[in-house]
Amino acid sequence: METKLFDRDTVATAAQLIAAGEVVAFPTETVYGLGADATDPQAALKVYAAKHRPADNPLIVTVADPAMVARFATITPAAQQLMDQFWPGPLTIILPVLPGRLSKVVTGGLDTAAFRMPANALTREMIRLADRPIVGPSANLSGKPSGTRPEHVLHDFDGAIAGILADGPTQVGVESTVIDMTVQPPAILRPGEVTPEMLEPLVGEVATDHHKVGAKETPKAPGMKYKHYAPTAQVVIVDHPADWPQALKWAAARQQPFGVLATDPVLMTLPAAVPTYSLGADLPAAARNLFAGLRWFDLHPTVTLILAEAFAPTGLGVAYMNRLLKSAGNEHFNPDEN
Ligand code: TXA
Ligand code: MG
């Protein structure tokens with residue numbers, strides 16, 4: 001299959017492919033998604049196949065507007081308030097589905113489904129033209145960092161999907177916040193740019209049990225660490241800015257080619273010989289560039305160890321650290337042991 005690139009001028013062709021049951025990747029403000037007709041189980045199955053993802057994980061239903069949600073789910077008053085306030089934007093809302101409206105290929109057999117209206121106008125145009133919602137898991141092979149640029153999507157899916165609606169790099173860089181509005185108190189299942197502090201004025205106290213999403217993906221064998229978003233090289237997190245000199249010494253002593261993934265203030269203090277990828281100037285830039293950085297090291301396979309910069313787990317830092325910890329399989333540099 002030839003994977004075609006679409007843009008503003010050819011979005012109608014992309015929409016036709018969606019309506020015809022094909023898989024077309026699409027941009028959002030968070031990461032690229034793999035789109036297919038959410039009302040066609042055969043089309044949704046193609047998305048799992050392309051990702052090499054087990055078909056028991058529920059998919060996000062991506063809509064062009066809140067009215068599209070009403071065709072499939074019960075919109076509670078609190079959910080309506082969230083949509084009014086945060087849509088379009090990086091908040092995915094789990095709602096009770098109306099019986100029989102969505103295939104279990106999409107819901108994973110649950111009586112709930114996740115809905116998201118992304119900020120990218122071109123994607124909403126494609127969904128509107130296709131006149132049906134699209135499933136939208138992140139556009140990456142299962143286990144790999146989510147794709148945040150068209151070239152990432154092409155790298156993982158060239159020849160395997162019908163097309164890519166390309167609209168440059170994404171803005172937020174980490175996937176949407178997922179909030180379950182079918183439980184009391186509402187539960188944040190995945191941290192993202194929309195934080196509990198932003199949600200609580202509207203819906204009251206929220207539970208932040210970040211372990212629920214992906215719970216099915218627990219390690220298969222004892223001692224095997226669960227990794228997601230993982231490059232081939234081992235990622236090791238450097239928690240405090242003051243630890244860098246010691247961490248560099250430790251890495252060099254292992255006689256293992258290593259690289260550094262960090263923001264400019266850290267990179268400026270490093271010796272020139274170390275391969276580095278800049279996360280940019282600050283936390284928003286680091287969130288935007290994290291997955292691209294992890295992927296960059298996969299293209300430089302001589303590096304087998306990546307020292308990566310931590311951020312304090314507040315605000316957007318919660319989402320950044322959630323992804324970084326998974327990519328590292330929870331490995332931290334420990335200055336007391338080294
Ligand atoms: O930012 C995003 O949300 C991106 C872009 C492309 O929209 N999409 C994305 O999709 O990250 P995905 O499939 O990689 O992540 C959706 C998460 C999954 O971990 C899934 O298990 C969870 O949401 N999820 C979906 N439906 C659910 C449900 N009914 N109950 C609980 N969790 C659900
Ligand atoms: Mg994903």
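**Close-up views of a predicted model**

**View 1. Strands β9 and β10 form a hairpin, with six residues between them.** The model shown here is predicted. Three bridges join β9 to β10 (residues 187–190), and the two strands run antiparallel. Valine 178 stands opposite arginine 190 of β10.

**View 2. Strand β9 also pairs with β5.** β5 covers residues 91–96. Four bridges join β5 to β9, and these strands run parallel. Leucine 91 has threonine 177 in β9 as its bridge partner.

**View 3. Strand β9 (residues 177–180) is covered on both faces.** Thr177 and Ile179 lie on one side. Val178 and Asp180 lie on the other. Each of these residues is buried.

**View 4. A salt bridge joins glutamate 175 and arginine 323.** The closest N and O atoms are 2.7 Å apart. Glutamate 175 sits in the loop between β8 (163–165) and β9, while arginine 323 belongs to helix α12 (residues 316–327). The pair links distant parts of the chain, 148 residues apart. Both glutamate 175 and arginine 323 are buried.

**View 5. Glutamate 22 and lysine 46 meet in a salt bridge.** The N to O distance is 3.8 Å. Glutamate 22 lies in the loop between α1 (11–19) and β2 (24–26), and lysine 46 in helix α2 (residues 41–51). Glutamate 22 is partly exposed, at 24% relative accessible area. Lysine 46 is partly exposed too, at 36%.

**View 6. Arginine 71 forms a salt bridge with aspartate 131.** Their closest N and O atoms are 3.4 Å apart. Arginine 71 is partly exposed, at 37%, and so is aspartate 131, at 47%.

Conventions. Residues numbered from 1 in each chain as written. Chains lettered and ligands numbered in written order. Predicted model: local features only at pLDDT ≥ 70, side-chain atom pairs only at ≥ 80, totals over all residues. Heavy atoms only, no water. Buried < 20%, exposed > 50% of the residue type's maximum accessible area, 1.4 Å probe, protein only. Pairing = 2+ DSSP bridges. Salt bridge = Lys/Arg side-chain N within 4 Å of Asp/Glu carboxyl O.
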